Amino acid sequence: MVDDVNLTSRPEGLSWDVAGSLYVAGTTAYATVFAVDPQPAETVVVSGAAGGVGSLAVQLARRRGATVIGLASEQNHAWLKDRGVIPVEYGQDAVERIRQASGGNVDAFIDTFGDGYVELAVELGVRPERINTISDWQAAARVGARTYGEGAAACAVVLGELARLAARGELEAPIARTYPLERVRDAFRELERRHTHGKIVLRP
């Protein structure tokens, strides 16, 4: 038995694949943006900007009016540009590329990837309370950054809001690939490569 306060309806026109992908990735993205609270005159950087969480976080931050810089591989730059995000290649010398793209001023940092991005945000001069990571908890503890993730916004109200935005075409939830449930191992192998654009969906 599920309490009705924990349920939300699927808006007409929203596919089951997208609706199903919004719960974990969508509520996590919502929480990360809430954690750093980007304002219209501010610049926020998102690592893993083309991934399942990052692709939603960049859009939600743009809806707040912030300038958004998205760290992603070059093959995803066109998608980011089309959504008003400034794409920057990740990897060596990313700090300098971010400084150039931001004019030297970064107000907030959303880390969806880990692997040193909390320290990179500190190097950019972002205050610890404006840094949020969903994967590098040890680094967050060292510098005092936030760790808001899916559990911080996992409720029917947030999910319903995201679903309505997606149904109206105001939020895109990219689907990288779908797998039948019997190929769950293949899905996890692809996920472990950490280079997907959007969500991987399992179908029963």
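Me: Among contacts in the protein between residues at least 6 apart in sequence, what share joins residues at least 24 apart?

Reply: In this predicted model, the share is 55%. A pair is counted as a contact when heavy atoms lie within 4.5 Å.

Me: What makes the protein as compact as a globular protein of its length?

Reply: The protein has eight helices and seven strands. Its radius of gyration is 17 Å, and the globule rule gives 17 Å for 204 residues, so the protein is as compact as a globular protein of that length. The C-alpha trace spans about 50 × 35 × 35 Å along the principal axes.

Me: How much of the protein counts as buried, and what does that word require?

Reply: Buried requires a relative accessible area under 20%. Of the 204 residues, 48% count as buried. The protein exposes about 10,600 Å², and carbon and sulfur atoms supply 49% of that area.

Me: What makes a set of residues a nonpolar core, and how many residues has the largest one?

Reply: The members must be buried residues of the nonpolar kinds, joined through side-chain atoms within 4.5 Å. The largest such set has 36 residues, and those with the most contacts inside it are Leu22, Val44, Val46, Val58, Leu60, Val68 and Leu80. At least two residues of this core come from each of helix H1 (16–36), strand E1 (43–47), helix H2 (54–63), helix H3 (77–82), strand E4 (108–111) and helix H7 (156–167). H1 supplies the largest share, seven residues. Another core, of 19 residues, lies apart from it and includes Ile69, Ile98, Val126 and Ala145. In soluble globular proteins, nonpolar side chains tend to be buried together.

Me: Which residues is Val58 in contact with, leaving aside its neighbours within four places in sequence?

Reply: Val58 is in contact with Val46, Ala49, Val68, Trp79, Leu80 and Val85.

Me: Why is Trp16 called exposed?

Reply: Exposed means over 50% relative accessible area. Trp16 has 64% relative accessibility, so Trp16 counts as exposed. This residue is found in helix H1. Trp16 and Arg203 are 187 residues apart in sequence, while their C-alpha atoms are 9.5 Å apart in space.

Me: Why does Gln138 count as exposed?

Reply: The value for Gln138 is 63% relative accessibility, so Gln138 counts as exposed, the cut-off being over 50%. Gln138 belongs to helix H6 (residues 137–143). From Gln138 to Val118 the C-alpha distance is 9.7 Å, and the two are 20 residues apart in sequence.

Me: How many positive and negative side chains does the protein have, and how far apart do the centres of the two sets lie?

Reply: There are 22 positive and 26 negative side chains, and the two centres lie 2 Å apart.

Technical notes. Residues are numbered from 1 along each chain as its sequence is written. This is a predicted model: local features need pLDDT of at least 70, side-chain atom pairs count only at pLDDT 80 or more; totals for chains, interfaces and linings use all residues. Side-chain values use heavy atoms; hydrogens and water are left out. Helices (H or I, at least four residues) and strands (E, at least two) are DSSP runs, numbered from the N terminus. The radius of gyration is taken over C-alpha atoms; the globule rule is 2.2 Å times the number of residues to the power 0.38. Buried means under 20% relative accessible area, exposed over 50%, partly exposed in between (1.4 Å probe, protein chains only). Accessible areas come from the Shrake-Rupley method with a 1.4 Å probe; for residues, only the protein chains shown count as cover. Lys and Arg count as positive and Asp and Glu as negative; His and the chain ends are not counted. The place of a charge is taken as NZ of Lys, CZ of Arg, CG of Asp or CD of Glu.
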